[in-house]
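These notebook entries record what I looked up in the structure shown below. I begin with the contacts of the chain as a whole and then turn to helix packing and aromatic rings.

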Amino acid sequence: MVCDCRDCGLKRDPASKDPSTCSCCNCSKKRGWRNYDEGGCSQCKTRAGQAAPAKPAPPPAAKPAPPPAAKPAATPESAPSKQAPPPAAKPAPTIQQEVEQLYARSRKPVSAQEGQTIRNLMIESFTNPFPSVVFSYATGNRQDMDEVGFGPGMIYTEFLARKLHETGIKTFSGLHVDAGENWEVILSKISGRGSQCKVLVVILNPALYLSKPCLKEIYTATMLQENPVLFEGPIPENEEDRWPMIDGKDADDAVMLSLVEERFVKRNTIPSPPHTVERQPEVIEKVLDMVKKTIELRVD
């Protein structure tokens, strides 16, 4: 149908494909289209010279979802099993159990491999240049049983050093001195320049009274708190059986022995003989407590 545009007066035919008869589309565009969308011809729908976007095709009808497949009935074989609860953590061993394990180890021959493993552990894990606690111990090598240079004294020392380390107390002993080093470095840890040692823990066994290095260590620590812990008995009762290598010919050795006899030998041991740590394992807790309190009291 041909008609005049009411705005521009030009002829227009909405059904025409001739652009000359649909110029009124631009009039509608100039007026902002408003309600003039119907003014555009069916061919071009001219809007600033661009074709109007095609109307989107209606979406296809959704297919009805198939009904869910029925789950097969659970059989005893396919039924899910209940999840097993996590295993309960093992309780920490009691001090009595630890001491039992300690003495079980000490009764076996100490091989060079085991002895070196203990030494490596002490050097790698427990070494400190300024320890609060120093150990004096004798290896106690058992002839025809332990490798030369190794013995149960190492096992006792490592055990007590580890227990102190667990409480945050720093220690040092001959186990920290590697092969080829001068063992007397331990004397500097006890009373040398910069020493912070407060306690000497003495591992008592019969071999201690046959060791001149142990005698020197105990003598060097006479001004410190000395805690003799009895791991093995018996303790020699006769003076002649204690450090028999000191024959009195050397004046310095004689003075050293005399002072140790006076200040150390007469000291009460933990536990009191004839008992040992094996028979009274609870004394380990007492030793740890005594060492801790001594360190706290002896503040430089």
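**Entry 1: the chain as a whole**

I looked up the contacts first: of those with a separation of 6 or more, 71% are between residues 24 or more positions apart, where contact means heavy atoms within 4.5 Å. The model is predicted, so I note that local features need pLDDT of at least 70 and side-chain atom pairs count only at pLDDT 80 or more, while totals for chains, interfaces and linings use all residues. Residues are numbered from 1 along each chain as its sequence is written, and side-chain values use heavy atoms, with hydrogens and water left out.

I then listed the secondary structure and found eight helices and six strands. Helices (H or I, at least four residues) and strands (E, at least two) are DSSP runs, numbered from the N terminus. Along the sequence I read the pattern β-β-α-α-α-β-α-β-α-β-α-β-α-α. Of the 300 residues in the chain, 37% are buried; buried means under 20% relative accessible area, exposed over 50% and partly exposed in between, for a 1.4 Å probe and protein chains only.

**Entry 2: α3 against α4**

I looked up the axes of α3 (residues 112-125) and α4 (residues 152-166), which come within 11 Å and cross at roughly 25 degrees. Axes are lines fitted to C-alpha atoms, for helices over the stretch in contact, and angles run from 0 to 180 degrees between N-to-C directions. The two helices, α3 and α4, are therefore roughly parallel to each other; angles under 35 degrees count as roughly parallel, over 145 as roughly antiparallel, 65 to 115 as roughly perpendicular and the rest as oblique. I recorded the crossing of α3 and α4 as left-handed, meaning that the near helix is turned anticlockwise from the far one by less than a right angle.

On the α3 side, the residues in contact include Ile118, Leu121 and Met122, and on the α4 side they include Met154, Ile155 and Ala161. By class, I found six nonpolar, three polar and three charged residues in the contact of α3 with α4. Ala, Val, Leu, Ile, Met, Phe, Trp, Tyr, Cys and Pro count as nonpolar, Asp, Glu, Lys and Arg as charged, and the others, Gly among them, as polar.

**Entry 3: α6 against α7**

For α6 and α7 I noted axes that come within 9 Å and cross at roughly 65 degrees. That makes α6 roughly perpendicular to α7. The contact is made by residues including Leu215, Ile218 and Tyr219 of α6 and Met256, Leu257 and Phe264 of α7. I counted by class eight nonpolar, no polar and three charged residues in the contact of α6 with α7.

**Entry 4: aromatic rings**

How many aromatic pairs does a search of the whole structure find? It finds three. Rings of Phe, Tyr and Trp (its six-membered ring) pair if their centres lie within 6.5 Å; planes under 30 degrees apart count as stacked, over 60 as edge-to-face and the rest as tilted.

Tyr103 in helix α2 (residues 95-106) and Tyr156 in helix α4 are 53 residues apart. Tyr103 is buried at 4% relative accessible area, and Tyr156 is buried at 2%.

Tyr209 and Trp243 are also tilted, at 5.1 Å centre to centre and 50 degrees between the planes. Both Tyr209 and Trp243 are buried. Finally, I noted one aromatic cluster formed by Tyr103, Tyr156 and Phe231.
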